[in-house]
Amino acid sequence: MTDERLIEVSDLVFSYPDGTLALRNISLDIYANQFIAFIGQNGSGKTTIAKCLNGLLKPNSGYVKIDNLDTREKGATKKIVTKVGYVFQNPDHQLFNNTIYKEIAYGPRNIGLDEKEVDERVREAANVCGVEESIFQEHPFFLTKGLRQRVSIASILAMRPRTIIVDEPTTGQDLRQSFEVMNFLRNLWEKEGHTIIIITHEMPIVAQYTQRVVALAKGNVLLDGTTREVFAQPELLAQTFVKPPQITRLAQALSKYGIPKDILTVQEMYDAFVIAQGKTSS
Amino acid sequence: MIAVSTQDLGWKYAGRNNFAIEHVNLEIEENTFTSIVGPNEHGKTTLVSCIKGLIPNSFNGVWRGKVEIFGKDTREISAQTLANEIGFVFADPEAQFTSMTVEEELVFGLENIGLPLNEIKDRLEWVTNITLVSDLLDKPPYEISGGQKQRVAIASVLAMKPRIIILDEPTSMLDPLGKDFIFDILTNLKKEQDLTIIVIEHNIEQVAPLSDQIILMYKGNIAKMAPPATFFEDSEFLYEQGINPPMATTFLDQLKRNKLYDGGLPVNLDDAIRAAESLLKPNGYRKGTS
């Protein structure tokens, strides 16, 4: 992680046209090469803030700046698509072309790149996402959900954004599929240097993969810190109906025996337990 | 009495080369809670569709073996009887609604079968309490949240008083609060007399403590069928089949493998806390008991 700031959010207020106040006053910075989770109850503002980060929604007051570009500036949206990508929860809401190739090429063509550059980007993005060239002419509709999701991520990657937001990447997926998509996102973070933001309800996934958590409640930032710091505060998290992973809750119930309150994995729990037991039995 | 049994059950969808499920033999005792787990596309929904009679009635394909509901072969009882005996709740509740208010939605089926007014009132009160929907009764079904819709869907199925209720991934599309509500409802359902519950669920941590038995479907077969206390033994095997035991259970299993714990495997957090605590209390570590 570097200290290079990619996105600056300052006193962001947003309400929908029907008057619903979705974001009350949000300030946060997103840095290069972070792996972040936005968590919180439905209606807490997770998806709304994500849509403000990619310029899809504009603040009522306060501002969102991406590489110092205010999202409300004229013509900003066109520049933002190459900086922040947003992957929908349901790939079917995003995929609309009749071949995989056209789907991934859509964005680059839309910003007026020549066909040679478009082709280069499609192949590069598909390669990173494990979408094989042999299926380029197939219809996205007939792929498995996991592959459809990778195609939608490829179509975002083809714009070469540094920040990629993925809305509920594991919802409705089984364990193996969840690990597959999360390992893939981790790869984009570790090897390709992207900043990844996931919006999710799956706390074990958050514990296992992310390094920073932003917990939202009623349109405010409730907690913003390292994953470890955030899960160590179960009372605050309860305000947005989020429970830390089960193993963290077990550790917290045993804290009087010297088990740390910020355990995130079974292995960490095991190691801490053996140490604590050594102390009480001697 | 056995509520559901299958004997060498198999089903191949028309146009497919392989059987979606094959050689499935199981027995579900009445008034028990059974959860079905396993990776997607490994036969969970096909199995419950066979039990409900949606297969073969609404699908083309090749059927093998037999399903019995309370001792009767499903191919020898009418679709109407089968529909009365078994209620079915889908992952996506949207598809099921037709009325202008939640209350109308709930009484629609009851009026349809000609129940007297006082009986309708009693049932409405009963399902409303179990499924926690009393504050939703005068709302239009299309205006409530996904989690609330799922509660109403369960209520409308339950109102018909089926003896067996099947829920196919009732929480998979819900947020944590919505999920917790459904698990509260499942806990209430478990207390009902004369109700056999079958749930397909990925959330093992929350469903395991409620279960009398857990069935793992893998590649169209039953790979494991056991009460929760023994189901999670051999976590390596489960992990290979795409199943993660609850994290606290995995932890105690790891202690057990390393001979640091020799008790039973707890499947809920409170039991796990007690088990771990007994090892941590001064003098709690019983040396030589491994």
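What is the handedness of the crossing of helix 6 of chain B and helix 7 of chain B? In this predicted model, local features need pLDDT of at least 70 and side-chain atom pairs count only at pLDDT 80 or more, whereas totals for chains, interfaces and linings use all residues. Residues are numbered from 1 along each chain as its sequence is written, with chains lettered from A and ligands numbered from 1 in the order in which they are written.

The axes of helix 6 (residues 146-158) and helix 7 (residues 176-191) of chain B come within 9 Å and cross at roughly 20°, helices being DSSP runs of H or I with at least four residues and strands runs of E with at least two, numbered from the N terminus; axes are lines fitted to C-alpha atoms, for helices over the stretch in contact, and angles run from 0 to 180 degrees between N-to-C directions. Helix 6 of chain B is therefore roughly parallel to helix 7 of chain B (angles under 35 degrees count as such). The crossing of the two helices is right-handed, the near helix being turned clockwise from the far one by less than a right angle in this convention.

Chain B also holds an open sheet of six strands in the order 6-7-8-3-9-10, with mixed pairing, where two strands pair if DSSP finds at least two bridges between them. Its edge strands are strand 6 (86-89) and strand 10 (221-226) of chain B, each pairing on one side only, and the twist averages 15° from one strand to the next. Strand 7 (residues 164-168) and strand 8 (residues 196-200) of chain B pair in the parallel sense over five bridges, with I164(B) opposite T196(B) of strand 8.

How values were computed. Parallel < 35°, antiparallel > 145°, perpendicular 65-115°, else oblique.
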